[in-house]
Amino acid sequence: MKLKKFQLKNELEVITVESHKSPVVSVQMWVHTGSADEGVGEEGISHFIEHLVFKGTKKYGVGEIASLVEGSGGELNAYTSFDQTVFYVTISKEYLDTALDVISQMMGYPTFDEKEIDNEREVVIEEIKRSEDNPHRQAGRKLFETAFKKHPYGIPVIGYAENIKKVKKDVLTSYFHRRYTPENMTLLVVGDFEAKDIKIKVNQYFSSMPKYKTKAIRRKKEELQTRSRHQFLNGPFQETLMHLAWKIPKVTHKDIPALDVLAMILGQGESSRLMRALRIENPLTNYCVASTFTPKDPGFFAISSSLLMEKVDLAFLEINAQLEDILTTPPPLEELEKIKINIESDELYAMETVEGLARKFGTYHDLFQDPEHYKVWLKQIQSLEPRDITRVARKYLNPQQLNTVILNKDDSDELKQSFKKFINNYKKIHASCNKKIKIQNEKTNRKKIKWISNGAAKKSGVKELSSGAHFIYFSSPDSPVVNLKMAWLGGVRAQMNFNSGITEILSRTWPTDTKSFSEKELNQKTDNMASYVGAFGGRNTFGVSMTALKPFLNPTFDLLDKIVHEPVFKKEVIDREVQHIKEQIKNRIDSPAQQCVRHFTEKLFAKHPYSADPLGQIQELEKISSVDLFNYLEPLKNSKNLDIVMVGDIDPEVWIDKIEEFTSRLPRGKRFESHFSFNTVEKEEHIFSESKKEQTHIIVGYPGLTFTSKDRYTLQVIQSILAGQGGRLFLELRDKESLAYTVSPMKMEGIDAGYFGAYIACSPEKAEKSINMLQTEFNKLIKEKVSKKELDRAKRYLVGRHDIELQKNSSISSAMIFDHIYGLSYDETFHFSNKIEKVDEEEVQKLSEQIFGQKAVISVVGSSSPW
């Protein structure tokens with residue numbers, strides 16, 4: 001990679017990073033302003049402006065920017081945070097000019113049309129309502145309000161609905177001209193481009209941007225917190241959430257690297273202390289994690305958990321035990337080394353996508369004014385010793401600077417008393433730990449992780465092994481990341497009782513204990529290599545997968561070998577995971593969107609296995625034993641029923657031999673080839689479920705296609721016509737009618753059947769109109785042939801997104817293995833563009849009539865029925 005920096009005459013900073021791994025480029029504009037720079041009465045306008053610059057510029061009208069980018073096969077989006085607002089386009093290198101053009105237009109020449117401002121108000125208000133229905137967002141918002149009493153970090157980025165309802169155009173344009181100035185922006189261009197051309201192109205599109213004067217902002221400073229703050233929040237949610245947050249310095253402070261490592265030791269990864277103690281070894285919470293919030297100004301260190309009300313006292317005791325341990329005893333050297341390996345590995349994993357690279361360079365430049373500051377940060381991390389971690393824990397995890405938010409369904413005195421006891425105990429723990437740390441210097445001579453590509457040409461193939469299994473491979477020297485998947489036909493379709501949930505339990509318990517090592521040892525081994533080993537299960541298949549950097553490939557595969565051949569399925573692990581699934585089912589009431597999907601699939605698929613809840617039913621889950629799991633696997637986990645894929649910097653011949661030996665230890669068996677009949681509904685079905693939330697969630701859907709249908713590429717084109725910011729649903733229901741923030745088509749293909757439809761979340765009073773408009777858009781596809789221009793846009797959008805997705809080896813492996821196991825060619829994904837290009841207007845209209853001419857199933861979850 002070659003990084004260069006230069007500045008235009010209008011003072012716009014430009015960073016270019018040349019990388020030829022994939023024929024893709026990411027263009028990002030980092031505006032060094034966010035919600036924390038807004039004045040009184042302006043709260044939320046940074047986010048509002050983020051929406052509005054897509055709504056028309058000097059050169060492009062409403063919807064034209066999205067249509068142009070998506071019609072060139074690109075993706076565009078933006079996000080607003082406290083400190084920055086970022087706009088980005090990821091696109092084929094052939095359309096680099098398109099990306100530069102639209103970003104320059106949005107940043108330099110937005111029109112802020114009065115009508116579009118009014119239309120977009122409704123969209124943002126729907127987005128605010130969506131956040132009010134989300135328990136995690138509500139708890140998070142309250143945490144920031146509690147921790148920051150004066151600093152603007154205490155104000156939600158999205159702002160307040162009352163401001164959005166009344167803000168005028170002149171306020172928006174004034175703020176834009178004060179903050180969206182060339183000297184206050186940085187342009188990043190990362191990916192496959194020619195260095196000799198890029199400076200000319202950037203000057204062409206950005207040198208004439210208007211140069212307004214940047215207005216300096218003085219943010220209010222937070223006063224030193226001298227007393228702890230605790231907030232109990234009640235809401236209509238099943239899940240109980242807790243945040244513990246201690247104040248820490250801003251990101252440039254010398255203690256931040258040690259605090260980052262402290263967070264990783266305590267609560268990041270399956271082998272981290274909190275997750276191991278409160279989720280793995282003792283199921284006291286749904287999760288317990290740690291993190292650092294390190295923005296430009298002082299932030300916080302947080303422990304966050306989803307509590308189980310019946311085990312709150314035990315959870316509090318264990319959290320205190322873990323905090324006491326890190327406050328009194330520096331972590332072992334091997335634990336610190338594990339963290340260092342993971343951080344170092346992250347730099348290699350980030351090489352997979354141009355978006356990831358651009359985000360990394362943009363973040364470091366925004367925070368440190370140096371896009372390559374990560375090199376400094378890595379050196380700081382590598383220099384840390386165990387005593388540094390306990391030092392910062394003692395220094396910053398001070399009870400006086402603790403901010404707590406607990407969100408619970410009820411105003412529980414019992415919960416408050418439990419928490420009070422927890423805090424009193426923590427105060428004693430912290431007060432007694434302030435003795436000088438006595439520890440010898442501990443250093444390691446661990447060598448840096450190195451990866452050298454084998455330099456071989458890309459090569460793919462499939463081989464039927466003597467065991468009857470199929471080994472699919474794609475050798476690519478462009479990345480150190482190797483992904484392997486093993487899939488067996490089965491899943492929910494192979495369950496004796498479709499509602500048992502045994503496939504889900506299998507996916508959670510398989511990658512745990514084996515005859516050779518315990519679950520704890522497995523998690524430690526994988527985390528020590530920054531590898532991933534896991535299992536999956538769905539409607540049609542189940543299996544295992546792994547991701548590893550090439551230097552750790554062989555030892556990671558050895559772990560996977562033991563998981564497949566030596567599973568144990570301990571009762572305590574099964575019971576633990578059943579308990580967590582029961583909590584997940586209970587907490588589903590907090591997600592009306594999930595309920596909407598469940599009701600839709602139950603009605604559409606009726607007695608077919610696809611109607612079953614993949615999580616299972618509680619009364620059935622409680623019956624599952626290790627014997628049931630082995631009985632489920634016995635007829636399915638054989639070599640004839642198995643496909644294996646491997647993608648990355650590998651030697652196929654070496655791995656063919658390894659996989660041959662691996663599969664030889666499986667029974668030969670036979671392929672699972674059962675088929676189930678599916679009957680479409682005879683009349684339009686309406687399902688309504690009451691939910692006292694701000695938004696109503698709607699699905700209008702129809703029977704769809706199977707994996708092997710000859711029309712599956714045509715249906716993808718139909719989906720693309722409807723999808724994206726330039727698609728019909730977005731333009732008609734969101735842009736023109738302001739019905740929703742979220743509206744999109746949805747599709748599922750299966751072995752026996754599938755579905756196609758659309759989802760929308762809107763205010764209750766807009767529900768009936770939303771249903772009618774969704775059906776109107778479907779009917780248009782029946783009555784009128786799509787224009788060649790729109791069809792070409794849809795095709796390019798599909799092909800471009802497909803190519804962008806295939807930057808990651810895990811995406812390539814998923815496409816190859818599931819195409820092959822469901823009866824398609826192993827290399828189907830590499831012929832995607834040709835298949836899409838063959839779809840014509842007549843096929844789109846004919847399939848639309850076939851799909852939308854059927855009776856619909858309409859699922860609605862909301863405060864009132866639209867019927």
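In this predicted model, helix 21 buries P592, Q595, C596, R598, H599, F600, T601, L604 and F605. The helix to which they belong covers residues 592-605 and has 14 residues. From its first C-alpha to its last, helix 21 reaches 20 Å, close to the 20 Å expected at 1.5 Å a residue. Several strands contribute to the cover over the buried residues of helix 21, including strand 18 (685-690), strand 19 (696-703) and strand 20 (740-748). Strand 21 (755-762) and strand 22 (857-862) are also among the elements that cover them. After helix 21 comes A606, which has a positive phi, near 45 degrees.

A second view concerns the packing of two other helices. Two packed helices are described by the angle between their axes and the distance between the axes. Helix 11 (residues 312-328) packs against helix 15 (residues 386-396) at an angle of about 120 degrees, and their axes lie 7 Å apart. Helix 11 is therefore oblique to helix 15. On the side of helix 11, the contact is made by I326, L327 and T328, while helix 15 contributes I389, T390, A393 and R394.

Is H470 buried or exposed? Its relative accessibility is 19%, and the cut-off for a buried residue is under 20%, so H470 counts as buried. Leaving aside residues up to four places away in sequence, H470 touches V462, K463 and E464, together with L642, D643, I644 and H820.

Terms used
Residues numbered from 1 in each chain as written. Predicted model: local features only at pLDDT ≥ 70, side-chain atom pairs only at ≥ 80, totals over all residues. Heavy atoms only, no water. Buried < 20%, exposed > 50% of the residue type's maximum accessible area, 1.4 Å probe, protein only. Contact = heavy atoms within 4.5 Å. Helix = DSSP H or I, 4+ residues; strand = E, 2+ residues; numbered from the N terminus. Expected span 1.5 Å × (residues − 1). Axes fitted to C-alpha atoms, helices over the stretch in contact; angles between N-to-C directions. Parallel < 35°, antiparallel > 145°, perpendicular 65-115°, else oblique.
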